[in-house]
Amino acid sequence: MTMLRMLLSAIMLMTVTATTWAQQHIPSRVDIAWNRYYDFEEMEQQLRDLAAAYPDIMALESIGKSVQGRDIWLVTLNVEKTGPDTSKPAMYIDGSIHANEVQATEVVMYSIWYLTKSYGTVDAITELMDDTAMYFVPCVSPDSRAHWFREPNSPNTQRSGQRPTDNDFDGVADEDGPDDLDGDGHIGSMFRFDPNGTWKRHPERPALIVRAGEDEEGELSWAGQEGIDNDGDGRINEDGAGGYDMNRNWPAGWQPSFIQRGAGEFPLCFPETRAIAMFILDKPNIAAAQSYHNTGGMILRGPGAPYRSSFYPRADLRVYDALAEAGEEMIPFYNYLIIHEDLYTVHGGTVNWAAEGLGIISFTNELWTTRQILQSNERTYDADARQRWQDRILFGQTQTLYTEHDHPTLGRVLIGGGTKYASRSDPPFMLEQSCHRNFAFTMYHASEMPSIQFDHVATRDLGNDVWEVTVEILNEKIIPTRTAVAAQKRIGTPDRLIADGASVITAGRIANRFATTMTPVAHRPERLLVNEGIPSEGRRAFRYLVSGQAGDTFTLRYEAEKCRDIETTVTLESE
């Protein structure tokens, strides 16, 4: 190869590389690394920075205060030049209603960050943002997120909010939570020495305690999470901070605490859930909803309890299936599941209220799954396999070696095991991929909110100044303008087809535009109520008989809560 050809080849390679990089790298006005987690105060600052950097498309507001007085932040992403947010179909997205599920907030924050930097650069996202509005609550439980990062915790603590709660029913709230006895900043596991125990230290892996085999003698007994009996009632860690569950506090299917512990005194009794509910109720244009939780690798839909199955008519199930099956393709090792059938019973969950109480197509994604550990669809791994992954990939960074301690009531114990980052949250090097894949699925969900158009409008002269006007309206998207549950349960306001300026004799629905018969409405034919809306990837047809002369015009307008209104001018003329 001549020197000139070598130079030209190098220039072409550099050009291709630069072009590829330009396509993949989208600079943001706010640099945020997505290979780490951020505490509540850092999250707040990121929100302020993003709002200041993108004031034309992002608005930040506090919609209420938590129990301890922290702001419940809400982000609205809307392109004002294409209309106010309330004029468009909107999606509601939240995370960390259980604050120990930390990466749920990261996924919401990543979504805001990616959308703001991509608007005007990535065509698909620009089109989506022009056509829709999006509402985000990155952290539903700000008090517990602050506590989880600031104080010693385990992967499972701070699921609750922080309102003092008497979990052991002794008349005093929050007096016996976990204690960091080994001072490592985490709440680990405790095992006491017991010649009749069923556990033993792994002979080759000091960080691992495993069950003794059937023919082996154990040396340890499980003694619970790291802590002491602070209130002297003979139990350990039975009354920690909070103790209720905000994801059991929503109106649809709510049950009192004696049926489902942690539900609260009544629906929306907590300031966090009440503030969010009031916001959502004020936005009837919300057509899609997504909540992020953190473990299991699941795309979940309701019902949360079997007695709520009537809130999921077959037409709506087809919508859920189409969206979630795409999600299974987009996010490896995720399964599409039904909450009460495949997980457990949930009364009064967030997405249950959105779906069953408001007729919004709603999912919960459980983000991390151990199936991502070895890149396999196997649902479980033995202790050795898990430990190999910890040793080889994470170098033991999410574990504390078991060490001996003198416990005031249990005697000699071993304390150690996983840190608070050990089992429920994505390892930092895998976090960005999880954020992006889940964000992409949610944007696919958003892109399938209803979008309608007049697909056919025809007029026919019937003589004697009477005209037949046939109208067909098409919805190209998977989500209908009104879900079947909304139509059946009379949730929200029906769609409306309005003939403005026409002298309407009668009007009604027809089977299709070729139909020769019509069932007329009894009252106000110029304003047809369409309770069933325009279906998923389908159309509805209507017919008017109007009085007028050739050349007369009037306006047809279709109004719906969950999509953009459309209108067209109709001219009476023979075709």
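Visitor: What makes glutamate 265 count as exposed?

Guide: In this predicted model, glutamate 265 has 51% relative accessibility, and exposed means over 50%, buried under 20% and partly exposed in between (1.4 Å probe, protein chains only), so glutamate 265 counts as exposed. Residues are numbered from 1 along each chain, and side-chain values use heavy atoms, without hydrogens and water. Local features need pLDDT of at least 70 and side-chain atom pairs 80 or more, while totals for chains, interfaces and linings use all residues.

Visitor: Why is the pair of glutamate 265 and arginine 163 called a salt bridge?

Guide: The closest N and O atoms of glutamate 265 and arginine 163 are 2.9 Å apart, and a salt bridge needs a side-chain nitrogen of Lys or Arg within 4 Å of a carboxyl oxygen of Asp or Glu, so the name applies. The two residues are 102 residues apart in the chain, and arginine 163, at 25% relative accessibility, counts as partly exposed.

Visitor: How do you know whether glutamate 468 is buried or exposed?

Guide: Glutamate 468 has a relative accessible area of 13% and is therefore buried, whereas its salt-bridge partner, arginine 460, counts as partly exposed at 45%. The closest N and O atoms of this pair are 3.2 Å apart.

Visitor: What makes asparagine 365 count as buried?

Guide: Asparagine 365 counts as buried because its relative accessibility is 0%. Residues it touches (heavy atoms within 4.5 Å), leaving aside those up to four places away in sequence, include Tyr292, Ile331 and Phe441.

Conventions:
Helix = DSSP H or I, 4+ residues; strand = E, 2+ residues; numbered from the N terminus.
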